[in-house]
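Trainee: Could we go through this protein together, slowly? I would like to learn how to read it one piece at a time.

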Amino acid sequence: MWRSRGMLAVGGRDGVHENALVVQSELPLVDVGDSHLVAVGNPVFAGRVVVGKIAAVGRQTSTVRRVTDAGYSDRVRVARRTPEGLLLIAEGTLVGEGQPLCRLRHITEPVAEGDLVLTSGTDGILPLPMYYGTVTEASLDNAGREWQVIVQPAARAGTLTNVEVLRLDWREDGVLAN
């Protein structure tokens, strides 16, 4: 690749040699791929925080579409902390728009600043919801039908060094998650 496409800003002192694999992507990379049975759409977490989903899979690496990236979407629930515990108050779709913040779509119930955005839990795979972030703005649209909601994601771009990819192996004796 380096002979046909131009020069790289690294060399032998950096561990690069003529047969080295060169990977280029605008999306972040993880060091698991097809050889680890990773598939497009597998969720990516940092602890209990949703980072994104696998966007493309190679032999040894995969790219991650972060929750803030344009084209990202997932079903979510909005919850409010109360003295009795968490109260689920709304369901909708979290979408990334290529900006530092995300939007919630299809929210028809009142939500407020400080409410929590969690995974929907409707997939039946994980016993507890995972955390997306916090509502920072919420207002009813002019028609009074849908809430305009802005979310601050908990996963901050550029600060993560370790993530986990949830991979499902369907077997006759049940589901194994790695």
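Trainee: Does Tyr132 count as buried or exposed?

Mentor: Keep in mind that this is a predicted model. Tyr132 has a relative accessibility of 1%, and because the cut-off for buried is under 20%, Tyr132 counts as buried.

Trainee: And which residues does Tyr132 touch?

Mentor: Leaving aside residues up to four places away in sequence, Tyr132 touches a list that includes Val50, Val67, Tyr72, Asp74, Val76 and Leu94, and also Val117, Leu118 and Thr119. Gln152, Pro153 and Ala154 are on that list too.

Trainee: Is Tyr72 buried or exposed?

Mentor: Tyr72 is buried, with a relative accessible area of 3%.

Trainee: What sits over the ring of Tyr72?

Mentor: The charged end of Lys53 sits there, 5.2 Å from the centre of the Tyr72 ring.

Trainee: Let me change topic to the core. Which residues touch the most other members of the largest nonpolar core?

Mentor: That core has 21 residues, and the ones that touch the most other members are Leu94, Leu104, Ile107, Val117, Tyr132 and Val149. The elements that give two or more residues to this core are S5, strand S6 (85-96), strand S7 (102-105), S9 and strand S10 (147-153). There is also a second, separate core of 11 residues, which includes Val30, Val32, Ile54 and Ala155.

Trainee: Now the strands: which way do S5 and S8 run?

Mentor: Strand S5 (residues 73-82) and strand S8 (residues 116-119) run antiparallel and are joined by 4 bridges, and within this pairing Val76 stands opposite Thr119 in S8. S8 also pairs with strand S9 (residues 131-140), again in the antiparallel sense, over 3 bridges, with Leu118 standing opposite Tyr131 in S9.

Trainee: What do S2 and S3 form?

Mentor: S2 and S3 form a hairpin with 2 residues between them, and Gly47 in the turn has a positive phi of about 70°. Strand S2 (residues 43-46) and strand S3 (residues 49-57) pair in the antiparallel sense over 4 bridges, and the bridge partner of Val44 in S3 is Gly52.

Trainee: What about its contacts and its surface?

Mentor: Among contacts between residues at least 6 apart in sequence, 48% join residues at least 24 apart. The protein exposes about 11,400 Å², and carbon and sulfur atoms supply 50% of that area.

Terms used: Residues are numbered from 1 along each chain as its sequence is written. This is a predicted model: local features need pLDDT of at least 70, side-chain atom pairs count only at pLDDT 80 or more; totals for chains, interfaces and linings use all residues. Side-chain values use heavy atoms; hydrogens and water are left out. Contact means heavy atoms within 4.5 Å. Accessible areas come from the Shrake-Rupley method with a 1.4 Å probe; for residues, only the protein chains shown count as cover. Two strands pair if DSSP finds at least two bridges between them. A nonpolar core is a set of buried Ala, Val, Leu, Ile, Met, Phe, Trp, Tyr and Cys residues joined through side-chain atoms within 4.5 Å. Buried means under 20% relative accessible area, exposed over 50%, partly exposed in between (1.4 Å probe, protein chains only). A charge sits over a ring if NZ of Lys or CZ of Arg is within 6 Å of the ring centre and within 35 degrees of the ring normal.
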